[in-house]
Amino acid sequence: LERKMYDTVLVMANEFLQYDSTNIVINPIKGLVLYNMKKWDEAYDLFRRSVEYGCDKSSGYYYMGLCKMGKMEHHIADDCFVMAQNEDPHIAENTDFLYNRAYCNSKMAKVEVADSLFDAVVKLVLPDSSLMYGIYSTRGEMYYDMGMRQNNTTTGIRINDTHLKTAVKFY
């Protein structure tokens, strides 16, 4: 997988799975290949089956969430992330996990939850400036989106100055 030889790995995985379709090592590897090839639905189904076969549930649910993120299905993605955390509470110490949960919540306009998760990520990555830039950029995007949301009580778009000022803080 590190060499990005996805087609080769996929052929080898498929050949092996012809003899042992429930293999708990090969199924997740095939899922990772499909995920890296951006075949979100196929990868999701494979990770779901892998969990049923007895693979590491936390990892399976996490990758199911990543597949749903790839499809912009943030509600389902976050549900998968919550299931991953229920299986292994220590996953909440992983910066990628926390960042992905924060991102999903920001896209669902759950600002308080997203902010709390972004804060947790910041505490884990300080003082890595390259990681901090990505976190603050995404956080700024969340507040910008909130500031530019359409207000149904008036015609046109009503700009929320508070959210835009907060966006500037993070950009």
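Helix 2 and helix 3 run roughly antiparallel to each other, because their axes cross at roughly 160°, above the 145 degrees that this label requires. The model is predicted. The two axes come within 8 Å. The crossing is left-handed. Two packed helices are described by the angle between their axes and the distance between the axes.

Residues on both sides make the contact. Helix 2 contributes Asn27, Pro28, Lys30, Gly31, Leu32, Leu34 and Tyr35. Helix 3, residues 40-53, answers with Trp40, Glu42, Ala43, Leu46, Phe47, Ser50 and Tyr53.

**Aromatic pairs**

Across the whole structure, a search finds eight aromatic pairs. One of them joins Tyr35 and Tyr63, and this pair is edge-to-face because the ring planes stand at 75°, past the 60 degrees cut-off. The ring centres are 5.9 Å apart. Tyr63 counts as partly exposed, because its relative accessibility is 25%.

Ring pairs also build a cluster, which holds Tyr35, Trp40, Phe47, Tyr62, Tyr63, Phe81 and Phe97. Among these, Tyr35, Trp40 and Phe47 also belong to the contact of helix 2 with helix 3.

A charge meets a ring as well: the charged end of Lys68 sits over the ring of Tyr44.

| Partners | Distance to or between ring centres |
|---|---|
| Tyr35 and Tyr63 rings | 5.9 Å between centres |

Definitions and conventions: Residues numbered from 1 in each chain as written. Predicted model: local features only at pLDDT ≥ 70, side-chain atom pairs only at ≥ 80, totals over all residues. Heavy atoms only, no water. Phe/Tyr/Trp six-rings, centres within 6.5 Å; stacked < 30°, edge-to-face > 60°. Buried < 20%, exposed > 50% of the residue type's maximum accessible area, 1.4 Å probe, protein only. Lys NZ or Arg CZ within 6 Å of the ring centre and 35° of its normal. Axes fitted to C-alpha atoms, helices over the stretch in contact; angles between N-to-C directions. Helix = DSSP H or I, 4+ residues; strand = E, 2+ residues; numbered from the N terminus. Parallel < 35°, antiparallel > 145°, perpendicular 65-115°, else oblique. Left-handed = near helix turned anticlockwise from the far one by under 90°. Contact = heavy atoms within 4.5 Å.
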